[in-house]
Amino acid sequence: MAQLHPLPLLLLPFLFAAAGVSAGGANGAHVSAVVAEKGLAFAKDVLIGEAVRSLTPLRLPGVEKAVRVPFLGGVRVAASNITLFHLDVGDNSTVHPGGSGLVVVASGITANISMHWSYCYDSWLLPIEISDSGTASILVQGMEVGITMEIKNSNGSLALSVLHCGCYVKDLVISLDGGASWFYQGFINAFEDHIKAAVEKAIPENIIGGAGKLDSFLQGLPRTVSLDDVAALNMTFVNDPHYGNSSIEFDINGLITSAVAKTTNNLQKHPHLSLSCGGASKMLLLSLDEDVFNSALDVYFKAGSMHWVVDKVPDQSLLNTASWKFIIPRLYWNYPNDDMLLNISMASSPVIKITSEKIGATINADMIIDVVDGKETVPVACISVVVSASGVVEISGNKVYGRVGLDDFSLALKWSKIGNIYMSLIQGVIRVFLNTVCMPYLNSRLGNGFVLPVVHGFTLQDVNILTSAKQLTLCSDVIFTNASSLASLAFL
């Protein structure tokens, strides 16, 4: 059968088209991602849920006070083992992109706190120390937490900083258990201000600490991602994020470079994406420029990877000189009944063109006819084959599928050792070869699907794919399926 090293001749353009994210301008960043209002709400809910899990249990500082009470004398009261063990944010949370930052506010939060209380006092009436102790449950009501974060470009990485973070507790309800708790309720209420202040201090401190770890995580993300031993994806962020009224856009260089070449930053401005997605409301809009596909093809072309040797076809007799004795007589006279190989390589890098109607590719290949003469392989002619093909992209879950079809092709003789070859005579055979060997092989590979590089634990849902001039846009919702994926990250 046909053998390809290491990628099929026509597969590569549609492989990258199938993995497309969506597109930018020719003079700016080449990959853009817009997190729309629905996506921000989803991200907010996921992160709040993970933050609640990371904040609980939260140990608060204890307190001890000494007071003088008429007739009793000095009374020492203490609260210890104060632990916030439950938070309920509910649905009262909002996220708003600002002019240069992101504001998240959660209100109406309730929380549960447990603690141990004790007291002792010396009375002038009795020569002994009197003490008592027990536990208390505290209900926090009407808590509000707000955070303003800023995300900026820092030398091609994302840097996150907290501009403001605050917490307000409206009310506490303290219920004592154990001992003569009903008698000492008044003493324990003295701790209300301390507990309020401790909660209002501890929660912002922990959120800011978590944001610092998130910042380190973001800045530690790789700027290049190796696709294989030939190509790498430039993941350098370009410009600061753009904050819209209800969305955030991130621009990425996105070009494919040689895996051994040093990545250079492209710091040109990228035009902002439209939030239009065929009228659908989606969480994410991902955009990829056709230059990304073409840069990938160029890398593989320069690496010499686009080489295809065909030694088997459905009608194997076509790869024997006997089948050509009436079409190319000198081929048969010089090499009677010898087997043949088709040695195909790119004459130039394939070119992807994206329009509103289709994803097209133009492939300019040289097909050298080799004759296996005994133990020797003899090149006898070279034909230039220019193929125009087009394909469609489909996505199911986190896998991309595609189909490709032949549009047209042209032939030209570059050189020959077996006399003139009339292209009109072999055009029908070449068309059959393209339709019965190339296209089915490509579609079998594309039909297996390719896994998109989506963060583990997330699944794309209800994906729409739109094409426009030089752009491929993917609109998708996201399902969060694995909480342990985020919990395993350092910042959580």
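How many nonpolar, polar and charged residues are in the lining of the second largest pocket? By class, that lining has 18 nonpolar residues, one polar and one charged; Ala, Val, Leu, Ile, Met, Phe, Trp, Tyr, Cys and Pro count as nonpolar, Asp, Glu, Lys and Arg as charged, and the others, Gly among them, as polar. The structure is a predicted model, in which local features need pLDDT of at least 70 and side-chain atom pairs count only at pLDDT 80 or more, whereas totals for chains, interfaces and linings use all residues. Residues are numbered from 1 along each chain as its sequence is written, and side-chain values use heavy atoms, with hydrogens and water left out.

The second largest pocket holds about 240 Å³ of space. A pocket here is an open set of points on a 1 Å grid over the protein atoms alone where a 1.4 Å probe fits, with protein on both sides within 12 Å along at least five of seven lines, and lining residues have an atom within 4 Å of a point. The volume is the space filled by probe spheres set on the points, which are joined across faces, edges and corners. Of the 20 residues in the lining, L318, W324, L342, V429 and F433 lie nearest the centre of the pocket. At least two lining residues each come from β18 (339-346), β20 (359-373) and α7 (423-447). The largest share, seven residues, is supplied by α7. Helices (H or I, at least four residues) and strands (E, at least two) are DSSP runs, numbered from the N terminus.

Helix α5 (residues 290-302) comprises 13 residues and spans 18 Å from its first C-alpha to its last, close to the 18 Å expected at 1.5 Å a residue; the expected span is 1.5 Å times one less than the number of residues. At the N-terminal end, α5 is capped by D289, a side-chain oxygen of which lies 2.7 Å from the backbone nitrogen of D291. Buried residues of α5 include V292, F293, L297 and Y300, where buried means under 20% relative accessible area, exposed over 50% and partly exposed in between (1.4 Å probe, protein chains only). After α5 comes G304, with a positive phi near 70°.

Eight salt bridges were found in a search of the whole structure, a salt bridge being a side-chain nitrogen of Lys or Arg within 4 Å of a carboxyl oxygen of Asp or Glu. In one of them, the closest N and O atoms of K44 and D45 are 2.9 Å apart. K44 is buried at 12% relative accessibility, whereas D45 is partly exposed at 46%. A salt bridge also joins the side chains of E192 and K196, at 3.9 Å from N to O. These two residues are separated by about one helical turn because they are four residues apart in helix α4 (residues 192-219). E192 is partly exposed, at 22%, and K196 is buried, at 18%. R403 pairs with E394 in a salt bridge whose closest N and O atoms are 2.8 Å apart. R403 is partly exposed at 45%, and E394 is likewise partly exposed at 42%.

Two further residues were examined for contacts across the sequence. D311 is placed in the loop between β17 (306-310) and α6 (329-334) and is partly exposed, with a relative accessible area of 23%. Its C-alpha atom is separated by 8.9 Å from that of N343, 32 residues apart along the chain. E144, in strand β8 (residues 129-154), is partly exposed at 41% relative accessibility. E144 and V105 are 39 residues apart in sequence, with their C-alpha atoms 7.3 Å apart in space.

Definitions and conventions. A polar contact is a pair of N or O atoms within 3.5 Å; within protein, one must be able to donate a hydrogen and the other to accept it, and residues adjacent in sequence count only if both atoms are side-chain atoms.
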